[in-house]
Amino acid sequence: MADLLEFEEPIGILLKEIEALSMLPSTPDRQRDIGRLQDRITSIRQDLYASLTPWQRVLVARHPARPTTLDYVEQLFTEFVELHGDRRFADDHAVVAGPALYHGAPVMIVGHQKGSDTKQKIYRNFGYARPEGYRKALRAMQMAEKFSRPIICFVDTPAAYPGIESEERGVAEAIALNLREMAVLDVPVIVVVHGEGGSGGALGIAVGDRVLMHEFAIYSVIPPEGCAAILWRDANRKVQAAEALKITAPDLLGLGIVDAIVPEPIGGAHTAPQAAGELLDVALAQMLAEVSALSSQARLDQRYAKFRGMGQVGIVEA
């Protein structure tokens with residue numbers, strides 16, 4: 001009940017009815033009643049999630065029970081060994097990286113990690129990466145290039161950490177360096193935006209040959225609250241900002257920012273993490289095979305053209 005989002009109130013009412021029935025002695029009639037209520041919940045959830053507003057998608061992308069990078073790593077990969085440290089300053093727990101096997105083939109995993117409970121979220125800094133996190137990510141990606149391993153990046157961060165110590169250690173330079181170096185990595189790079197893709201914090205590990213985006217994930221230059229505070233000096237206009245930013249998967253697919261949308265189970269990935277992982281596996285395997293089949297030069301040329309073409313608008317002749 002506590003994990004229900006604000007627009008899921010009708011589901012909460014039915015869940016209370018199921019809870020009340022479950023407290024009574026079990027009989028065939030009561031089991032049928034519970035089954036009918038569960039079917040009703042599925043139907044309502046399907047209708048709700050078929051017509052989510054941009055702001056509602058933001059809420060789903062931020063759901064505390066949404067699968068994390070390490071959840072997907074545990075489900076889809078084997079023999080994952082986490083690497084630590086950037087060899088300059090420290091180990092950033094908001095970024096995880098390391099070699100693994102995907103369907104028996106070697107790959108390198110890089111991703112943001114928010115954490116799944118309060119203790120973990122604090123330990124992971126809620127997914128806000130510092131400069132050392134991006135430098136650790138680049139170290140892992142360059143290692144992957146050395147050993148000819150494809151790279152799979154999982155993006156889920158509100159933004160790069162904006163604290164003073166982050167600025168002192170050069171977060172902007174670290175992100176900029178990653179953008180440059182990822183553009184020329186001579187191995188396949190697949191990016192998966194599975195939660196929040198916030199600002200440069202997301203883009204710092206999101207330059208790749210193919211960008212996949214989960215159905216209810218978001219990807220934007222700034223969070224809606226920050227956009228509203230800047231444009232209208234009123235963070236309460238976040239709903240309007242979410243609409244204007246075009247941060248949803250369908251919007252970004254139409255704009256050519258992402259290459260494919262990964263479907264999610266009815267009600268979002270948090271309602272059925274196992275099913276969400278299976279759906280991701282299908283899309284990821286397809287994209288990785290597609291990119292791996294390209295020659296090195298063709299892959300680099302396509303990657304360059306993809307990102308160079310973003311934001312272009314046609315010129316209307318007088």
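A cavity is defined here, on a 1 Å grid over the protein atoms alone, as a set of points where a 1.4 Å probe fits but cannot get out, and its lining residues have an atom within 4 Å of a point. The model is predicted, so that local features need pLDDT of at least 70 and side-chain atom pairs count only at pLDDT 80 or more, whereas totals for chains, interfaces and linings use all residues. Residues are numbered from 1 along each chain as its sequence is written, and side-chain values use heavy atoms, with hydrogens and water left out.

The structure holds one cavity of 30 Å³ or more. Its lining comprises Arg62, Pro158, Glu196, Gly197, Gly198, Ile218, Ser220, Pro223 and Pro224. Strand 4 (189-198) and strand 6 (218-220) each give two or more residues to this lining, and strand 4 supplies the largest share, three residues.

Five aromatic pairs were counted, with ring centres of Phe, Tyr or Trp (its six-membered ring) within 6.5 Å; planes under 30 degrees apart count as stacked, over 60 as edge-to-face and the rest as tilted. The rings of Tyr49 and Phe216 have centres 5.3 Å apart and planes at 70°, and the pair is therefore edge-to-face. Both Tyr49 and Phe216 are buried (under 20% relative accessible area, 1.4 Å probe, protein chains only). Phe77 and Phe154 form another edge-to-face pair, at 6.3 Å centre to centre and 85° between the planes. Tyr72, Phe77, Tyr102 and Phe154 form one aromatic cluster.

How values were computed. 1 Å grid on protein atoms, 1.4 Å probe; cavity = no way out; pocket = protein on both sides within 12 Å on 5 of 7 lines; lining within 4 Å. Points joined across faces, edges and corners; volume = space filled by probe spheres on them. Helix = DSSP H or I, 4+ residues; strand = E, 2+ residues; numbered from the N terminus. Buried < 20%, exposed > 50% of the residue type's maximum accessible area, 1.4 Å probe, protein only.
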